[in-house]
Amino acid sequence: MTESWFGLLLEVELGAPGHGGFCVARHEGRVVFVRHGLPGERVVARVTEDRGGSFCRADAVEILSPSADRVDTRCPIAGPGGSGCCDYSHTTADAGRRLKSFVVAEQLRRVAGVEREVLVEELPGTGDGTGWRTRVRLAVDSGGRPGYHRYRSSSIVSELSCPQMDSVAFEGLSGQQWRPGAELQVVLDGAGTRHVVEIAPAQLSTTGRRSPGRRGASARRAASSRARPEKTVIGSGRVTEYVSDRAFTLDATGFWQAHRGAAQVYTDVVTDWTDASPGDGAWDLYGGVGVFAASLAAGVGPEGHVTSVEFSRRAAEDGRSALADLTQVSFVPGRVERSMDALAEPVAIAVLDPPRAGAGRDVIDALAARGPRSVVHIGCDPASFARDVSLYRAWGYELTDIRAFDAFPLTSHVECIGRFVRK
């Protein structure tokens with residue numbers, strides 16, 4: 001077994017970006033995943049994690065030959081040893097999007113066998129990459145102070161200065177005493193109202209670890225927090241958002257796109273790519289409060305039908321209220337993988353917006369077996385998106401179009417939307 005390099009300083013040259021916000025380097029035959037650097041830079045990197053084997057993780061603590069794309073970091077808490085919020089705050093916005101484009105194309109090639117150049121596009125309202133976020137989930141440390149988790153750690157940075165969200169969202173929060181182990185959901189909604197909801201601490205198992213929550217859609221929607229009591233501290237806890245002049249009201253802890261420009265842009269793409277005809281049947285899977293269902297309803301018309309499947313029962317109820325005038329839309333609360341067999345109507349087109357883990361084999365197999373002529377699939381993780389692409393291709397669906405968006409500026413995260421047409 002290789003002797004641990006933990007804590008060692010290594011002088012390395014950084015290569016291509018990897019999925020996860022690091023660059024790949026090599027030292028004495030091993031791979032080193034280095035954060036806070038840029039391709040082509042020579043750096044001194046401190047090893048932060050080494051579990052043996054062929055690779056270890058490190059932070060760039062000294063830049064010996066900086067890249068022309070390097071800028072002064074815009075996030076004061078995300079440097080070496082800091083929080084995991086901003087992977088790319090040390091590079092220009094254009095360079096950050098180029099790095100993400102490389103990662104998306106690499107994942108498609110390696111995982112899905114698709115050779116495709118991908119241009120990561122800027123979303124409206126991004127500006128200099130700061131202040132774009134509308135909602136954030138903060139952790140509370142043992143002293144009752146809110147903050148961000150350190151990278152790959154349960155410890156918390158209690159300084160609320162990440163620039164992704166307007167600083168007005170955090171005013172007064174550090175001065176209050178919160179329940180240790182709780183979480184704070186902070187939202188600046190489409191009406192400009194601030195909401196802060198305190199979510200009770202997660203239960204601890206007999207080993208002292210947090211008991212694992214349910215995975216899948218519940219990890220992304222409100223269900224995981226619904227299992228713990230909530231206390232609205234600021235605002236009403238019910239937020240209002242707008243897409244295509246339609247208002248959607250939902251819980252502050254419910255799912256909505258984090259970037260203020262994302263929901264409208266994604267809706268425009270879905271509207272453009274879904275070849276809906278009057279009378280068609282359409283599915284909106286992982287449908288939330290029905291944003292995409294509203295777009296599909298316009299395409300299928302009053303004589304068609306749209307079924308939205310969403311794990312969160314509360315979100316489905318909110319969707320019914322928001323789309324009450326669209327009688328061709330129905331909402332089915334439940335897990336997507338368990339609900340599709342019960343959907344009796346034929347499906348011509350489908351839209352999926354699954355959680356970060358992707359839709360997976362069970363969902364895509366069940367969907368493809370029903371034979372929709374086209375599918376629009378939205379993914380917020382390049383690796384799981386590429387895996388889902390490979391599953392569609394195995395069923396004879398062709399990836400005819402793909403767009404990627406810089407929906408999480410200053411970070412390594414990126415949103416991909418693909419259109420699949422049955423051959």
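Modeller: UniProt positions are given here in the numbering of this model, and such annotations may be inferred rather than shown by experiment. The model itself is predicted.

Biologist: Which residues does the annotation "binding site" cover?

Modeller: According to the unreviewed UniProt entry, the "binding site" covers Gln257, Tyr286, Glu310 and Asp353. From this set, Gln257, Tyr286 and Asp353 belong to the lining of the largest cavity.

Biologist: Why is glutamate 310 called buried?

Modeller: Its relative accessible area is 1%, and buried means under 20%; therefore glutamate 310 counts as buried. This residue is placed in strand β17, and its side chain reaches the backbone nitrogen of serine 312 at 2.9 Å.

Biologist: Why is aspartate 353 also called buried?

Modeller: The relative accessible area of aspartate 353 is 4%, which is again under the 20% limit, so the term applies. Aspartate 353 sits in the loop between β19 and α8.

Biologist: What makes the approach of aspartate 353 to glutamine 257 a polar contact?

Modeller: The two side chains come to 3.5 Å, and the definition accepts a pair of N or O atoms within 3.5 Å, so the pair qualifies.

Biologist: How do you know that β17 and β18 pair?

Modeller: Pairing requires at least two bridges; β17 (residues 305-310) and β18 share 5 bridges, in the parallel sense, so they pair. Threonine 307 stands opposite serine 330 in β18.

Note on methods:
Residues are numbered from 1 along each chain as its sequence is written. This is a predicted model: local features need pLDDT of at least 70, side-chain atom pairs count only at pLDDT 80 or more; totals for chains, interfaces and linings use all residues. Side-chain values use heavy atoms; hydrogens and water are left out. Helices (H or I, at least four residues) and strands (E, at least two) are DSSP runs, numbered from the N terminus. On a 1 Å grid over the protein atoms alone, a cavity is a set of points where a 1.4 Å probe fits but cannot get out, and a pocket is an open set with protein on both sides within 12 Å along at least five of seven lines; lining residues have an atom within 4 Å of a point. Buried means under 20% relative accessible area, exposed over 50%, partly exposed in between (1.4 Å probe, protein chains only). A polar contact is a pair of N or O atoms within 3.5 Å; within protein, one must be able to donate a hydrogen and the other to accept it, and residues adjacent in sequence count only if both atoms are side-chain atoms.
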